[in-house]
Amino acid sequence: MALSQEARRTTPKRRPKSRAVHRPALPTPHSAEQFGPQRDFWWNRDFLDLMAARWRLREAASLADIGCGLCHWSRLLYPYLRAPARFVGVDREARWVDEAARTFRRAFRQVPPDLLTIVQGDATAIPLANDTFDVVTCQTLLMHLARPADALHEMVRILRPGGLLVCVEPNNLWNYLSFTSLTAEEPVELLVRRFEFWLRYHRGKAAAGQGDHCIGDLLPGAFAQAGLTDIAVHLSDRAAALFPPYHTPAQQALVQQGRQWKDSAAGPWDRAELRRHVLGGGGTDKLFERTFGELIEAFDREQQAIANGTFHAAFGGITYLVSGRKA
């Protein structure tokens, strides 16, 4: 079954062949498979212009990006700040710290290097001082954490009074409800079974302390509980549509990602990981075996339809942008 934009962006179960071949003896860094070229097409520029105005980013002169990865998100936000703005990125992976620092400084060569810093640290124990930043943000970070409330508390801590917190998180279960040209006429029983499979999977991940991929639904309430004010909730207007001839750069990136998954030696999914979480979420062996086989068949049909130039889908997802200010 195809994945829509948010699942393609944030679901860690698929492993591109290039990652396994390149570093076979080492564990895959967190979110490594999400840092491919498709990530450059997550946002529409005019939508970001609108959000920057709503958030009054021009009034801010400092930004912290928690769980920054390669700073795809913060590189988009930084130019909206009042120059010369200070930036600090925080990530737990030393690899991303080094790469992000080089990438960020190349993107903003005109900014003094001492204003642009990337440090290693955990989102639940951020190594930055209290009441420091005008804006603190994260993108698809909380969904991976066993204790997202701890990270939220830490992000509020480093905000200055009146500062803005922006968290971007999805509801990924929606991705398994949308239709494609191959699934629109499938039997109801098959569609229900497939959704149960993924619901069990997500419940199992949460039970194992590996995050909640629907956390975006709960963020406004979490912001209120954290004492934030002026809470606002918006939805991204970006869809990852695929339709022939798949000629746009964004579509080409998605098609190439699918090819990498198809060519992976382990297949498009990590079978053992899926089984563990489906069972952990209350699923049965019968449900897993039957549905996993159906998923592989559906994925192969999709890839063949793309190769034939007949596959199409709107692939809209649910991506929340939740913001609030520190009292």
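These notes record what I looked up on cavities and backbone geometry in a predicted model.

**Ground rules.** Since the model is predicted, local features need pLDDT of at least 70 and side-chain atom pairs count only at pLDDT 80 or more, while totals for chains, interfaces and linings use all residues. Residues are numbered from 1 along each chain as its sequence is written, and side-chain values use heavy atoms, without hydrogens and water.

**Cavities.** I took a cavity as a set of points, on a 1 Å grid over the protein atoms alone, where a 1.4 Å probe fits but cannot get out; lining residues have an atom within 4 Å of a point. Points join across faces, edges and corners, and volume is the space filled by probe spheres set on them. I found two cavities of 30 Å³ or more. I listed its lining, which includes Arg 39, Asp 65, Cys 68, Cys 71, His 72 and Cys 138.

**Cis peptides.** Another joins Pro 244 and Pro 245, with omega about 10°.

I then checked residues other than glycine. Asp 131 has phi near 55°, and its relative accessibility of 43% makes it partly exposed (buried is under 20% relative accessible area, exposed over 50%, partly exposed in between; 1.4 Å probe, protein chains only). Tyr 246 also has a positive phi, about 55°, but Tyr 246 is buried at 5%.

Methods: 1 Å grid on protein atoms, 1.4 Å probe; cavity = no way out; pocket = protein on both sides within 12 Å on 5 of 7 lines; lining within 4 Å.
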